[in-house]
Amino acid sequence: MDKLLIVLAVLGPSQHGKSSFINFLSGLYSLPVGTDDGLSTTLEVQEVNATDPFRLFPEGAGLRFLDVPGYGDSDLRLMDEQISESFKYRLVGMESRKLNALFVFQSIAESSLSLRNTFSHAQGMFGPAVLQSTIVILTKSDFVVPHVLTKRMKNVDETCRPMNIPYITWVNNSTESIIEDSQLNKQLAELKAALAKVKLFEIDEMEGYEAEVKQLAMEMRLNDTSNLIHQDVNVTYDEIITYNETEPYELTVIKPKFTDAEIQQEAKRLQSLQENKEPVPVNKQITETVVDYISNTTTECRVRWDFLWIIPYWWKTECFQVPKYEPVNKQITKTVQVLEYRERPLENFVNLLKKEVVSGVEMKERLVEKSEKQTKVKTETSEIYKRDWTHYRSQAAERLAREQWKQV
Ligand SMILES: Nc1nc2c(ncn2[C@@H]2O[C@H](COP(=O)(O)OP(=O)(O)O)[C@@H](O)[C@H]2O)c(=O)[nH]1
Ligand SMILES: [Mg+2]
């Protein structure tokens, strides 16, 4: 790939002589051309590689022509957008990533000019910079009577001059028109002069332009109030409720259903049995003392053991209560039954009681962390864009083009 590669592309409406032009300049006549039936011939981007038979470029240069399908396809097989896209991607995909010149075609035999339209297609694809690489080729002047030609050329001039776009008339070899050598040489000289005026277009310039268009298109989308719809949506979500649970308690010893005398008698009995080291028979009535253990709330468990010890056998009405501590979310009721007294009845009982209290304290300390998941639905209003930025892309490209045209 030491050889200088010159990339040339043609753009313009169908039937304006693009393929004929490439056939001539390449000397290869490899492309089919229209047969006057008014149908578009070129349906995809065609590449023609040639060796510059007319020496338009430095010696040894290789030419690569890209023949692009004409805009306004006669059979509506290709939309203009599709044409632009396939051309753009062909160029982007090329190793050389450049365009030495873009030939925009206009048959001057046409009563209405589509030049601006083609320019805007080119700009839409590559950005305004591509117009600095553009040469207008006006074909089919052999069909036009001189005074009409003059008028149309004036029109072309008014379009191209402000943008500094060179234009030349060019008659293609065709069945209707056989070009004489003198005219041929004149055309080639004009073409060469026009080529000298245009700048090389680097495909990478396009990427900056794309970013600019995208930026503007996104702004346009944002500012388009009709694009924004408010919508109520139901959002399903899980609400996690975490809570701690403590199991506080309150300890109460309920009065046994016995009189002082009975208790004292029983106490004496037990005491004497103890002193005699005799086993303590179970006295169901008294020894089966019900201790209601109402778990409620507490922090400090200052159970009055001393009191119990001081009044060992006739503990009766006393209840000991531990101060309330935390809000109660649970109430545990436990019944402790003192089933039997053996040797050291009260000690047994107290131990039993103590054990309960201790386990109560443990319960208090056992902080249960729980979490619950609750699925809920709420309604939210959200803003939704109906169309994304690509919808605004062409508008953005157009606006950028207009700004550019204003500048020149
Ligand atoms: N008289 C005349 N006919 C031309 C000229 N250029 C192209 N044609 C004819 O116009 C028709 C369309 O040409 P073609 O190169 O296929 O156009 P394309 O669709 O732009 O590629 C063909 O019949 C050509 O012979 C020209 O400058 N003068
Ligand atoms: Mg063609």
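**Figure 1. Overall composition of the predicted model.** A residue is called buried if 20 or more other C-beta atoms lie within 10 Å of its own, exposed if 12 or fewer do, and partly exposed in between. By this criterion, buried residues make up 28% of the 408 residues in the protein. The structure shown is a predicted model. Its secondary structure comprises 11 helices and 12 strands. Of the contacts between residues at least 6 apart in sequence, 81% join residues that are at least 24 apart.

Figure 2. As a general point, strands of a sheet pair through backbone hydrogen bonds, either parallel or antiparallel.

**Figure 3. Strand 6 and its two partners in the sheet.** Strand 6 (residues 134–139) is largely enclosed by the rest of the structure, because six of its six residues are buried. Thr134, Val136 and Leu138 point one way from the strand, while Ile135, Ile137 and Thr139 point the other way. Strand 5 (residues 101–107) pairs with strand 6 in the parallel sense over six bridges. Within this pairing, threonine 134 of strand 6 is the bridge partner of leucine 102. Between strand 5 and strand 6 the chain passes through helix 3 (residues 115–126), and this β-α-β crossover is right-handed. Strand 6 also pairs with strand 7 (residues 167–170), in the parallel sense and over four bridges. Here threonine 139 stands opposite tryptophan 170 of strand 7. A right-handed β-α-β unit is made by strand 6, helix 4 (residues 146–160) and strand 7.

**Figure 4. Helix 1 and the elements that cover it.** Helix 1 is largely enclosed by the rest of the structure, since nine of its nine residues are buried. These buried residues are Lys18, Ser19, Ser20, Phe21, Ile22, Asn23, Phe24, Leu25 and Ser26. What covers them includes strand 1, strand 2, strand 3 (62–67), strand 5, strand 6 and strand 7. Just after helix 1, glycine 27 takes a positive phi of about 70°.

**Figure 5. Helix 2 and its buried face.** Helix 2 has 14 residues. From its first C-alpha to its last it reaches 20 Å, close to the 20 Å expected at 1.5 Å a residue. The buried residues of helix 2 are Ile83, Phe87 and Leu91. Seen down the helix axis, these buried residues fall within an arc of 60°, so they line one face of the helix. They pack against strand 4, helix 3 and helix 6 (203–223). The face of helix 2 turned away from the buried side carries the exposed residues Glu81, Glu85, Tyr89 and Gly93.

**Figure 6. Two loop residues with positive phi.** Glutamine 15 lies in the loop between strand 1 (5–11) and helix 1 (18–26). Its phi is near 70°, a positive value in a residue other than glycine. Glutamine 15 has 24 other C-beta atoms within 10 Å and is therefore buried, as the cut-off for a buried residue is 20 or more. Arginine 97 is located in the loop between helix 2 (80–93) and strand 4 (98–99). Although arginine 97 is not a glycine, it has a positive phi of about 45°. With 15 C-beta neighbours inside 10 Å, arginine 97 counts as partly exposed.

Terms used. Residues numbered from 1 in each chain as written. Chains lettered and ligands numbered in written order. Predicted model: local features only at pLDDT ≥ 70, side-chain atom pairs only at ≥ 80, totals over all residues. Contact = placed C-beta atoms within 7 Å. Pairing = 2+ DSSP bridges. Right-handed = clockwise from strand over helix to strand, strands pointing away. Expected span 1.5 Å × (residues − 1). Arc of directions from axis to C-beta.
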